[in-house]
Amino acid sequence: MQMEPKVNILLVDDKLENLLALEAILEKLGENLVRATSGEEALRCLLHQDFAVILLDVQMPGIDGFETATLIRNRGRSRHTPIIFLTAFSTSDQMLFKGYALGAVDYLLKPIDPNILTSKVIVFVELFKKTEAVKQQAAELVAVNAELRQSEERFRSLSTCSPIGIFETDTEGRCKYTNPRYQAICGLRPAESLFKRWLESVHPDDRDRAIASWSNYISQGRDYSEEFRFENTYGSIRWVQVRSSPMLSSQGELLGYVGTLEDVTERKQAEEIRAQVIREQTARTEAETANRMKDEFLAVLSHELRTPLTSMLGWSKILRSKKLDEKATARALEAIERNANSQVQLIEDILDVSRIIRGQLRLNVCAVNLVTVTEAALEAVRPLAEAKGIQLNTILDTSIGSVFGDSTRLQQVVWNLLTNAIKFTPKNGKVEVTLSMVSSSEQLTTVKSAQIQVIDTGIGISSDFLPKVFERFRQADSTTTRSHNGLGLGLAIVRHLVELHQGTIFAESPGTGQGATFTVRLPLLRENRGSRDKQTGGEISLAASSTPLTGLRVLIVDDETDTRNFLSFMFEEYGAIATAVASVDEALKVLKQSKPDILISDIGMSEQDGYTLIHQLRSLEPEKGGHIPAIALTAYTREEDRLKVLSAGFQKHLSKPIDPTELIALVASVLELPQQVP
C-alpha cells in the first residue's frame, strides 16, 4: 500500500532550545517539521511549501510574530494557513485581540503543555489532509467531467457525421434517439423520428415481412440483420440493411436496443449486375454447348444415314448392272434389307424426339403385363446378342401385377435399353434382365412399383458423363473415330416414355470398363387387379363388365394431353361419359353448356391453375353447377398442399402418380355410389 505523504508543520522561534522543545513534542505525529529562526526565514519557507499549521513565536528580533503573521496573510497562497501564536509573556486582552485580528486560530503561553499543543496541531493536520483530499477529488472530478464532455462531444460528432443511421429504442421498441443519417434514410424530420418507427418507411411490399421479423426479434432478444426496400416521401426506393442488438446493463438487465440503418442500394445494384453477367455467361455457354451438340449431332446423323446408303446403293447398282448367281443375289438383298431397317430405326428415333419436343407423343393406355412386354423385347434383340456371342440372362417375377400404360411404348423402353447394353458390351459378354416388385414409403403409405433392370458387363459410363446420359443428342464419344454408331437419342426417348408412365429411370456405373446398370420403376396397379391378371393370364384391359360409373358425366381438366387421354380412356372403360379439356376457360364453357356430375381437375396448369377454376366454379349458383363435387389431382404432396386444396373447395385430393383403381373408388365415395370396383 502506498504511504500517505507527510504534512508540513512550520515551527518559528528565534531560540534554538524552543525549536528543539517543539520538535520533541510533535515528533511523535510523524509529520514533516520545518524550522525557522526568524520571520524572514519563515516567509522564505512559505514561498516553496504549504503548511498545515504554523507555530509562531510572538517576541522575535527584527520582524516579530505579529508582523510576520501580517505578511503571511497578505500572500494568497498562505492566506488561510492556521497560525498558533506562542509567547512567554502574559497574554493581555490587547495582545489576544491583535493576534486574532491577524487571523490566529489560537494563543498559547509558554511553557507549553505538550498534550494541549499536540491535540491542537493534530486537529489542523487532519483538517489539512482532508482539505487536500477534497481538492484532489475536486480536481479529479473536474478531469472526469472534462473527459465526459469530450466523450459526449466526440459521440455527438461521430453520430452526426456517421454514414450509417443510428437509433436507440426502449424495451418496447419505442425510439429514444436517432442521428441525422437515420432521419435522412427514413425521410423523417428529427422530431418525427422519435415517434415514427423505421418500419413505417419500409416499402409496402416488404412491410409485413419487416414487422414480423422485428416483432420476433423483440420477443427473442437475439441479434438482428435483415434487408428491406425503403420508400421516402418522394417515391424514391432504396435498399437498406437493418441491424440491431440488445443493450444490457452491467447486471445483464435489458435496457433496450441499439441499431443501425445502412443504405446498401449500390451493393444490391452491383450484385444484380454481377448476377446478370453470370446469367448471360451461363446462357452463352449453354448456347455454345447446344450449338456444338447440334453440329456434332448433324455430323453423326450424316454419317449414320450415309453409311447404310453406301451399302444399299452399291448393291443396287451391282444388281442392276450384273447378273449375279442366286447366292450372291441373296447376300445383296440381305444387305439392302439390313441397312434399310437400320435407316428406318434412325428415322423413327428422330420422329419420336420431334414428337417429344412438340408434346405430341401419344400413349394408347391399358393394363399391361410387364412379363409379356419384357419377353417380347428379349426375343427381338436375341439375334443381335447371338451375333456377338453375348449371353442373355433373365430373372422375371411372373407373379408381378400389371401397370397402366402403352404396351408398345413400354416394349420400346425395354428394347432400347437392351440394344444399348448389347451395343456397348464386348463379344462374349453378359447382359442380365430382371423384373421384380419393390416397395417404398410415401405419405405414411406403402407404394409398390415394378422394377426392370438391365445390367451389362460392357464399357461402362464415366462419372463425368453419367449425369448427362439421358440428355438428347448426348454421346460420350462423338468423334470420327468412335467405335459405336447411333444418334444418342435412344436413352433420351426412354426417359421421356418412362416419365409419361409416371415412372422413374436412373443409371449406375462403377466407372469406365466396369459395366452399367439401368433401372426403370413403374407404379403398379393394385394387387387385386394383379391377382386377376394371373388368373386370366396374359395382358388385359380394364374390364367393362364391372361398370359402377355407367352414365356418369365426368369433366376432366388437364393441360397435359397424355394425362387427359389416359383419364378419358379410364373413365370410359368404367362406363362414364368423359369430357376432357385443356384449360380453365374451356372447362367453364362446358359447365355453361352442360352440368357434369363430377369435376376432375389438375392443380398445376399453365396460365390459370386448378385453384382459379374451383374459385370460379364455387362462385356460381347451385343450379348452374356451383355445387358440383370436385377432386383435385396434383403432384404437390405436402400436407399444407392438401389442406389448401380442400379449403379452396375441392372435396378430395389425390397425389400423382394416379392409381386408376384408387381414383375410381374416390369418385364412387364422393358421389356415394356402390363400391363395385374390381
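Is lysine 15 buried or exposed, or does its relative accessible area place it in between? Lysine 15 is partly exposed, with a relative accessible area of 40%, where buried means under 20% relative accessible area, exposed over 50%, and partly exposed in between, for a 1.4 Å probe and protein chains only. The model is a predicted one, in which local features need pLDDT of at least 70 and side-chain atom pairs count only at pLDDT 80 or more, while totals for chains, interfaces and linings use all residues. Residues are numbered from 1 along each chain as its sequence is written, and side-chain values use heavy atoms, with hydrogens and water left out.

Lysine 15 forms a salt bridge with aspartate 14, their closest N and O atoms being 3.4 Å apart; the term stands for a side-chain nitrogen of Lys or Arg within 4 Å of a carboxyl oxygen of Asp or Glu. Aspartate 14 is likewise partly exposed, at a relative accessible area of 23%. Across the whole structure, 20 salt bridges are found.

Another of these joins the side chains of aspartate 50 and arginine 77, at 2.7 Å from N to O. This pair links distant parts of the chain, 27 residues apart, since aspartate 50 sits in the loop between α2 (39–48) and β3 (53–57) and arginine 77 in the loop between α3 (65–74) and β4 (83–87); helices (H or I, at least four residues) and strands (E, at least two) are DSSP runs, numbered from the N terminus. Aspartate 50 has a relative accessible area of 35% and is partly exposed, and arginine 77, at 47%, also counts as partly exposed.

In the salt bridge between arginine 229 and aspartate 206, the closest N and O atoms are 2.9 Å apart. Here strand β8 (residues 224–231), which holds arginine 229, is linked to helix α7 (residues 204–220), which holds aspartate 206, the two residues being 23 apart in the chain. Arginine 229 is partly exposed at 23% relative accessibility, whereas aspartate 206 is buried at 7%. Elsewhere, Glu227, Arg267, Lys268 and Glu271 are linked in a network of salt bridges.

Isoleucine 164 lies in the loop between α5 (114–161) and β6 (165–169) and, at 28% relative accessibility, counts as partly exposed. Although isoleucine 164 and leucine 261 are 97 residues apart in sequence, their C-alpha atoms are 5.9 Å apart in space. Leaving aside residues up to four places away in sequence, isoleucine 164 touches Asn179, Arg181, Thr260, Leu261 and Glu262, contact meaning heavy atoms within 4.5 Å.

The largest nonpolar core has 43 residues, and those with the most contacts inside it are Leu417, Leu418 and Phe518; such a core is a set of buried Ala, Val, Leu, Ile, Met, Phe, Trp, Tyr and Cys residues joined through side-chain atoms within 4.5 Å. Among the elements that each supply at least two residues of this core are α11 (407–423), β15 (445–456) and β17 (516–523). Apart from it lies another core, of 28 residues, including Ile556, Ala576, Leu663 and Val667. Beyond residues up to four places away in sequence, the contacts of phenylalanine 518 include Leu417, Ile452, Val454, Leu491 and Phe506.
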